[in-house]
Each structure stands twice: as C-alpha cells, then as structure tokens.
Amino acid sequence: MRTADWVVLFVTLASIVLYGIYKGRGSKNIRGYLLADKRMRWYTVALSIMATQASAITFTSTPGQAYVDGMRFVQFYFGLPIAMVILAITAVPIFHRLNVYTAYEYLEQRFDVKTRTLTSVIFLVSRGLAAGMTIYAPSIILSVMLGIDIRITSTIIGGAIIIYTTSGGVKAVNWTDFQQMLIIMAGMVFAFAMVIHLLPEDISFVDALYVAGGLGKLNVIDFSFDLNNRYNFWSGIIGGAFVALAYFGTDQSQVQRYLTGESVTQSRLGLMFNGLAKVPMQFFILLLGAMVFVFYQFTSPPLFFNPVETARVYSGQQAEEYRLLESKYQEQALRKSAALREYIRVQETGDALEIEAAREKIRAIKRESEGIRSAALALLKAADHTADTNDTNYIFLSFVMKYLPAGLVGLIFACIFAASMSSTSGELSALATTTVVDVYKRHFKKDGTERHYLVVSRFAMALWGLYGIAFAQYASRLGSLVEAVNILGSLFYGTMLGVFLLAFYFKWVNGTATFWAAFVGEAAVFGCFLFTDISWLWYNVVGCGVVIGMAMLFMAITRRRVEKKDG
Amino acid sequence: MARPEAGSSNANPEDVHPQGNIGDTADRPPFFTSWSRVYTAVLAFLALLIILFYVFMKAFS
C-alpha cells in the first residue's frame with residue numbers, strides 16, 4: 001500500500017472510533033446503554049441491521065465466490081424479504097409493547113425461566129464462538145494482504161470496537177454501523193466503477209456481461225429442486241426464509257438493532273428497508289466479482305491469489321516447477337482472451353453455430369487452464385501439506401491491491417475493517433446485553449442500582465471484546481476446529497426459531513413442552529448434520545419443524561394424562 | 001401498564017399482544033396508508049427482482 005492508502009485507512013478508522021464516542025455519549029442508565037433509549041430512526045435501524053449482517057467476509061469472499069462459482073449465491077437471500085415481513089407483523093410489535101431488552105426475556109414472560117435461560121445460553125455459546133470468528137476471519141486475510149502480523153490486525157479491529165462500544169454502548173454501535181455502511185457502499189461503488197474502467201478499451205460493459213454469461217458466471221436463478229444443492233431458488237426462498245427468520249427474529253445481535261427503534265413504525269421501516277435493499281446489494285457485490293472475473297479474462301491472472309502460499313512454494317524445492325506452470329498459465333490466458341474476443345465478435349453476427357463453436361473453443365482452453373491450476377495446487381500442498389489451497393477470499397483484494405489507484409486501495413481496506421467492526425460490535429453488544437440481562441441480573445443480582453448495572457454492562461462489553469481478540473490470536477492454532485465453529489453456528493438456529501414460533505403463534509403450548517421439544521429438535525438437527533448430506537440451509541427447517549411438532553405432541557400427551565386423571 | 005424491568009416477568013404477553021396488530025393506528029406507515037400494502041409492495045419488489053434476474057441471466061447466457 002502507498003502512503004495515500006495508509007492515510008485514507010487511518011483517517012477512516014480514526015473517524016469511526018471518534019464518531020462512535022461522540023454519538024454514544026450521555027448514556028446514564030442501562031436503557032440508554034443497551035437500548036439507545038429507544039430513540040433511533042428507521043434509517044439508522046436499517047443500516048445498522050445491514051451492517052451487522054454484512055461481515056468483512058461478505059466483501060472479501062462474495063466477489064471471490066462469484067469469480068469461482070458464479071452469481072447463484074444471491075438466491076440464498078430470496079427468503080430474507082419474506083422473513084422481514086413476518087417479523088414486522090409478529091416480533092416487532094410484541095417486543096416493543098413488552099419493552100424487553102432481549103428476545104429471550106420475552107420467553108420467560110411467555111413460557112418460563114428455564115426456556116429463557118436455555119435460549120440465552122444457546123445464544124451466548126453459538127454467538128460467542130462466532131464473534132471470535134468475525135474478528136479472526138478478516139484479520140487473517142488483512143494480515144496476508146497487508147503483510148502485517150495477525151496479532152496487530154485483530155488487535156486494531158477488536159481494540160477500536162472496545163473503545164467505542166464500551167464508552168457509548170448500543171447508541172455508538174448503531175451510529176457507527178450507519179457510518180460504516182455508508183463507507184462500505186461508497187467503497188463498493190468505486191470498486192465497481194474501476195473494474196469497468198479497467199476493462200480493455202474494445203470491451204464494453206455489455207460485452208463483459210456476455211463474457212461472464214458465456215462462461216457461466218451469471219447463473220443467478222436455478223429453479224431445479226435438489227436438497228443437496230446448496231444454492232437454488234427453492235433452498236433460497238424456503239431455507240433462506242427460515243435462516244433469516246431465525247437470525248433476525250431470535251439472534252439478539254439483530255433483535256437489539258430493531259429494539260432501539262423509536263416506535264413500532266420506525267423498527268418496521270428499518271426491517272422493510274433491509275427487505276428491499278439486501279437482495280440488490282448482494283446482486284451488486286456478486287456482479288462486481290463477475291466483472292473482476294471478466295477483467296482477468298483479458299489480463300493474465302496470478303496462478304494462485306494467496307501471496308503467502310505462493311511465496312512459500314517459491315522458497316521451496318517446487319519453485320522451478322511452479323514457475324513453469326505459471327508461464328504455461330499465462331500462455332493459456334493470452335489464448336483465452338483472443339478466443340473471448342472472437343466470441344464477442346460472433347455474438348454480434350447472431351450465428352448460432354459460430355457462437356457455439358467459439359464457446360467450445362473457450363471451454364477447451366478453460367479445461368486446460370484448470371488442469372494447470374490443479375497441478376499448481378498439488379505443488380502448493382507438496383511444498384507445505386498444511387497449505388490452504390482455497391484462494392477465494394484473496395481474489396478481490398489481490399485485484400484491489402494490484403490494479404486500483406492510490407487512495408482507493410486504502411478506502412477498500414477501510415471498508416473491510418469497517419465491515420468487520422460493524423458486525424463484531426453488534427455481536428459484542430448483544431452478548432454483553434444477554435450476559436447482563438438474562439444471566440447476571442436474572443440469576444445473580446436482581447436488586448442492583450442502575451449505576452451498578454451500567455458498570456457491569458460496560459465491563460461485559462469490554463470482556464467480550466477482549467475474548468474476541470484473544471480468540472483471533474489463537475484461532476490459527478485451532479486448525480480444523482475453526483471450520484467446525486462455523487458449522488456449529490448453523491446448528492442451533494432452527495431450534496431457536498421453533499421456540500419463538502411456538503411463543504408467537506401457539507398460545508396453548510406451555511414452557512415445559514417447549515423446553516423438552518427444543519432438546520429433541522436439536523438432536524434431529526445434529527442427526528441431519530452427522531448422518532445425511534442435506535445442505536445446512538435445510539437444518540433450520542428441520543429443527544424448527546421438529547420443535548413445533550414435538551411440543552404439540554408433548555402437549556397432547558400431557559392433556560390426555562390430565563383427562564385420564566380427571567376422568 | 002407499567003414498563004416491566006429487564007429480567008422481570010411481571011408483564012403478561014397476552015395482555016399486550018393484541019395491541020401489536022397490523023391495524024394499529026398509532027403505528028401507521030408514512031406511505032401506502034396501511035402496513036398490509038407496505039408488505040405487499042416489499043414482496044412484489046422481490047418477485048420483480050426474481051423476474052428481472054431471470055431475464056438478465058437468459059439475455060447474457
């Protein structure tokens with residue numbers, strides 16, 4: 001990075017921290033500190049919801065995903081607007097009228113204390129592990145790309161968050177989320193404009209779309225139904241709706257965002273805006289990735305995008321062989337760009353036979369290129385058997401660092417830091433709130449003063465932040481456990497959703513039936529995870545369905561027993 | 001009704017749930033006159049996006 005980039009990065013990060021401290025000042029009780037006094041307008045709620053959901057990985061990995069796998073990932077978000085509508089009708093008015101601090105507090109009012117404690121503990125465990133990952137994942141990528149030790153990148157992200165969340169609480173979190181989301185959007189728009197600008201002069205935007213489409217990167221919609229296919233229309237609209245319902249309806253890191261709304265209207269509008277904006281935003285980020293792909297069809301891409309792994313193979317015995325593969329790969333890239341120009345030319349003629357012939361030629365070159373890359377990945381593994389051969393996360397940032405002008409590179413990296421900070425700060429504030437309200441205040445000290453709870457909340461916020469930094473420092477030593485942690489998070493949402501749906505819609509179901517049904521639901525989800533190939537998007541449907549079904553069964557059995565006794 | 005304190009369980013959700021229905025006049029949306037119309041607009045927008053994505057995919061593939 002050049003001096004201008006470091007200046008932009010530093011100024012942006014400093015402005016986020018200062019803005020957070022400024023906007024978060026004046027919280028004198030836990031209502032102010034944990035609920036921002038319920039004074040937030042819809043646009044702050046909306047952008048805070050979006051910023052919390054969009055982690056750094058969204059902006060590093062999503063363009064890379066479009067590069068590798070095409071744009072089909074956008075289908076995952078099709079269920080989100082449906083979930084937003086359901087939550088706006090159901091959860092928002094209930095949570096507002098009851099003036100709860102956490103979603104789990106409502107469960108005690110509706111069921112009993114054991115159900116509240118069970119769900120809050122599930123949240124603390126799953127979200128606690130995820131919070132460590134949301135610092136670790138971008139830290140490792142930024143560490144690789146900037147050539148800085150991961151301990152520094154994770155401490156910058158975690159330290160900045162601790163400063164403004166501890167001082168300003170949720171008010172600071174919401175306002176910085178708002179600011180961070182604007183920075184992120186600006187960065188992505190600039191990056192998109194630059195990709196288009198950097199395409200060869202004879203390749204227009206429409207030509208680029210034809211190239212992306214011809215090479216299978218614009219696979220936005222797939223109507224085929226397949227339980228094992230992770231991203232298709234049906235898994236997106238059904239599975240995605242359940243994921244979004246669970247995430248936005250039962251995960252305190254999101255519930256807390258709309259609980260800060262000034263009124264039911266403001267919270268609902270925040271959710272509606274998210275429902276409107278999320279799908280186009282993801283489409284745009286994926287299209288950015290598809291355009292980076294097109295750019296690399298006319299400019300030779302590196303054989304492997306992760307510079308650390310490449311440096312490792314250069315310094316090993318496989319260096320010469322690897323360099324030979326690189327030169328072959330470059331030759332193929334030149335042949336491919338010529339073939340693509342021919343493909344664009346025949347598109348204009350409209351001759352179906354010529355188009356198919358040009359397409360077949362591209363496919364043949366692509367197969368050869370893939371063969372070279374597979375050989376290169378084998379060399380990476382031979383140089384170091386622990387080498388990470390998945391470079392999806394590095395594709396976009398590699399492009400940014402190599403081709404974007406000074407200043408803009410700093411802005412894009414600021415976006416990545418901002419995205420990481422926005423999602424982590426939302427998680428930390430939710431973890432602190434649940435720790436204080438659902439555990440400490442409910443089970444350990446019920447009669448403390450406002451000042452006491454405020455001090456404990458600040459302490460909890462700082463403690464969760466320190467935990468996140470510590471997790472990131474040691475996560476690389478956990479090896480495959482990191483992947484397991486990611487999967488772990490998706491195993492609990494279905495059960496949580498089932499519990500909340502019972503609370504909202506099944507008024508005749510009691511706490512004990514719900515509590516035990518939650519255990520059965522969780523066992524069913526773990527069964528799917530361990531013994532089937534079903535895509536994880538469907539775990540939520542299974543968990544939720546089993547919890548509801550079992551709770552009704554338990555209620556029916558209990559009722560029959562009571563009737564027998566009475567009879 | 002007094003605002004329940006965090007961590008307390010002195011509020012009855014049954015008492016307050018009916019107030020949260022879609023037709024609550026205090027919570028009218030600033031546009032489209034009713035929440036049902038806002039929800040319909042959001043879902044219609046989703047349907048439109050899916051159609052546009054499909055057309056986009058077919059046009060360039």
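Glu108(A) and Arg116(A) are joined through their side chains by a salt bridge, with an N to O distance of 2.5 Å. The model is predicted. Both partners of this pair are buried. Glu108(A) has a relative accessible area of 8%. For Arg116(A) the value is 0%. Because buried means under 20% relative accessible area, Glu108(A) at 8% falls in that class.

Over all chains, the count of salt bridges comes to 19. Side chains of opposite charge can pair when their charged atoms come close. Another pair in chain A consists of Arg72(A) and Asp69(A), at 2.8 Å from N to O. Here the setting is partly exposed. Arg72(A) has a relative accessible area of 22%, and Asp69(A) one of 27%.

A further salt bridge links Arg363(A) to Glu356(A), with 3.3 Å from N to O. Arg363(A) is partly exposed, at 33% relative accessibility. Glu356(A) is also partly exposed, at 36%. This pair belongs to a network in which salt bridges share partners. Its members are Glu356(A), Arg359(A), Glu360(A), Arg363(A) and Arg367(A).

Arg560(A), Arg561(A), Lys564(A) and Lys565(A) make up a positive surface patch. Residues of a patch have no salt bridge and over 30% relative accessible area. Lys564(A) is placed in helix H23 of chain A, which spans residues 539-566. Its relative accessibility is 65%, so Lys564(A) counts as exposed.

Chain A contributes Phe223(A), Phe225(A), Leu227(A), Trp234(A) and Ile238(A), and chain B contributes Tyr54(B). Together these residues have about 540 Å² of accessible area. Leu227(A) sits in the loop between helix H10 (205-214) and helix H11 (233-250) of chain A. With 36% relative accessibility, Leu227(A) counts as partly exposed.

Chain B has 61 residues, of which 36% count as buried. Its secondary structure consists of two helices and zero strands. The accessible surface of chain B is about 3600 Å². Carbon and sulfur atoms account for 62% of that surface.

Phe32(B) has a positive phi, near 65 degrees, and is a residue other than glycine. Phe32(B) is found in the loop between helix H1 (13-16) and helix H2 (35-60) of chain B. At 46% relative accessibility, Phe32(B) is partly exposed. In chain A, Ala36(A) also has a positive phi, of about 55 degrees, although it is not a glycine. Ala36(A) likewise belongs to a loop, between helix H2 (30-35) and helix H3 (42-53) of chain A. Its setting is buried, however, with a relative accessible area of 1%.

Ser139(A) provides a buried example within a helix. Ser139(A) is part of helix H8 of chain A, residues 113-146. The relative accessible area of Ser139(A) is 0%, so the residue is buried. Beyond its neighbours within four places in sequence, Ser139(A) contacts Ile150(A), Thr153(A), Ser154(A) and Ile157(A).

Technical notes: Residues numbered from 1 in each chain as written. Chains lettered and ligands numbered in written order. Predicted model: local features only at pLDDT ≥ 70, side-chain atom pairs only at ≥ 80, totals over all residues. Heavy atoms only, no water. Patch = residues over 30% accessible without salt bridge, like charges linked within 9 Å, V, L, I, M, F, W, Y side chains within 5 Å. Areas by Shrake-Rupley, 256 points an atom, 1.4 Å probe, with all protein chains shown as cover. Salt bridge = Lys/Arg side-chain N within 4 Å of Asp/Glu carboxyl O. Lys, Arg positive; Asp, Glu negative; His and termini not counted. Charge placed at Lys NZ, Arg CZ, Asp CG, Glu CD. Helix = DSSP H or I, 4+ residues; strand = E, 2+ residues; numbered from the N terminus. Buried < 20%, exposed > 50% of the residue type's maximum accessible area, 1.4 Å probe, protein only. Contact = heavy atoms within 4.5 Å.
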